[in-house]
Amino acid sequence: MEDNAEKTEAEAFLKSLLNRKLRIYTTDGRLFIGTFKCTDTHSNVVLSLTYEYRQPSQQKLAEAAAANLEKSTMITDMTSRYLGLVVVPGQHIVKMEVEEFASQVKNRSILERRDIYGGR
């Protein structure tokens, strides 16, 4: 009985994420930002309209350091590219976050969303 309740709650949570913008961090340091479409039993995640962000290369970091010799801190941008529809393997996912604005969080509570849990 308890397993069934947990399964129902897990399914409801995943349904609440459908078509929401997610940030997924991977083991190799990449960041994927896209719209959540689905997942499978192996925790693979499918995102649409996805951008990939990578840390700057060692060469770019060295160039930035050389240009900022006088400063104690340096700022470098991540490189990005548009990928479209991607599958992120579950075994490489380190962290997932829902991308929301503070106003969206304030106006919505998952427990208040009865339509997710089957009631209206």
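Does Thr50 count as buried or exposed? Thr50 counts as buried because its relative accessibility is 0%, where buried means under 20% relative accessible area, exposed over 50% and partly exposed in between (1.4 Å probe, protein chains only). The views below show a predicted model, in which local features need pLDDT of at least 70 and side-chain atom pairs count only at pLDDT 80 or more, whereas totals for chains, interfaces and linings use all residues. Residues are numbered from 1 along each chain as its sequence is written, and side-chain values use heavy atoms, with hydrogens and water left out.

**View 1. Overall fold, with 3 helices and 5 strands.**
Helices (H or I, at least four residues) and strands (E, at least two) are DSSP runs, numbered from the N terminus. Along the sequence the elements follow the pattern α-β-β-β-α-β-β-α. Of the 120 residues in the protein, 22% are buried. Contact here means heavy atoms within 4.5 Å. Among contacts between residues at least 6 apart in sequence, 55% join residues at least 24 apart. The protein exposes about 9200 Å², and carbon and sulfur atoms supply 52% of that area. Accessible areas come from the Shrake-Rupley method with a 1.4 Å probe; for residues, only the protein chains shown count as cover.

**View 2. The open sheet of 5 strands, in the order 4-3-2-1-5.**
The pairing is antiparallel, and two strands pair if DSSP finds at least two bridges between them. Strand 4 (79-88) and strand 5 (93-98) stand at the edges with a single partner strand each, so one side of each has no neighbour in the sheet. From one strand to the next, the twist averages 30°. Axes for such angles are lines fitted to C-alpha atoms, for helices over the stretch in contact, and the angles run from 0 to 180 degrees between N-to-C directions.

**View 3. Strand 3 between its two partners, strand 2 and strand 4.**
Strand 3 (residues 45-54) is joined to strand 4 by 8 bridges, and the two run antiparallel. Strand 2 pairs with strand 3 over 7 bridges, also in the antiparallel sense. Strand 2 and strand 3 form a hairpin with 5 residues between them. In the turn, Ser43 has a positive phi of about 65°.

**View 4. The largest nonpolar core, 9 residues in all.**
The members are Leu17, Leu22, Ile24, Phe32, Phe36, Val45, Leu47, Val86 and Val88. Strand 1 (21-26), strand 2 (31-39), strand 3 and strand 4 are the elements that give two or more residues to this core. A nonpolar core is a set of buried Ala, Val, Leu, Ile, Met, Phe, Trp, Tyr and Cys residues joined through side-chain atoms within 4.5 Å. In soluble globular proteins, nonpolar side chains tend to be buried together. Not counting residues up to four places away in sequence, Phe36 touches Leu14, Leu17, Leu18, Asn19, Arg20, Leu22, Val45, Val46 and Leu47.

**View 5. Thr50 and Glu52, two residues of strand 3.**
The side chain of Thr50 reaches the backbone oxygen of Leu47 at 3.3 Å. Beyond four places in sequence, residues touched by Thr50 include Phe32, Ile33, Gly34 and Tyr82. Glu52 is buried, with a relative accessible area of 1%. Its side chain makes polar contacts with the side chains of Arg30 (2.8 Å) and Arg54 (3.4 Å). A polar contact is a pair of N or O atoms within 3.5 Å; within protein, one must be able to donate a hydrogen and the other to accept it, and residues adjacent in sequence count only if both atoms are side-chain atoms. Leaving aside neighbours within four places in sequence, Glu52 is in contact with residues including Leu31, Phe32, Thr79 and Ser80.

**View 6. Lys21 in strand 1 and Glu100 in the loop between strand 5 and helix 3 (102-106).**
Lys21 counts as partly exposed at 40% relative accessibility. The C-alpha atoms of Lys21 and Val98 are separated by 6.0 Å, although the two residues are 77 residues apart along the chain. With neighbours within four places in sequence left aside, Lys21 is in contact with Ile33, Gly34, Thr35, Glu97, Val98 and Glu99. Glu100 counts as partly exposed at 25% relative accessibility. Between the C-alpha atoms of Glu100 and Arg20, 80 residues apart along the chain, the separation is 8.8 Å.
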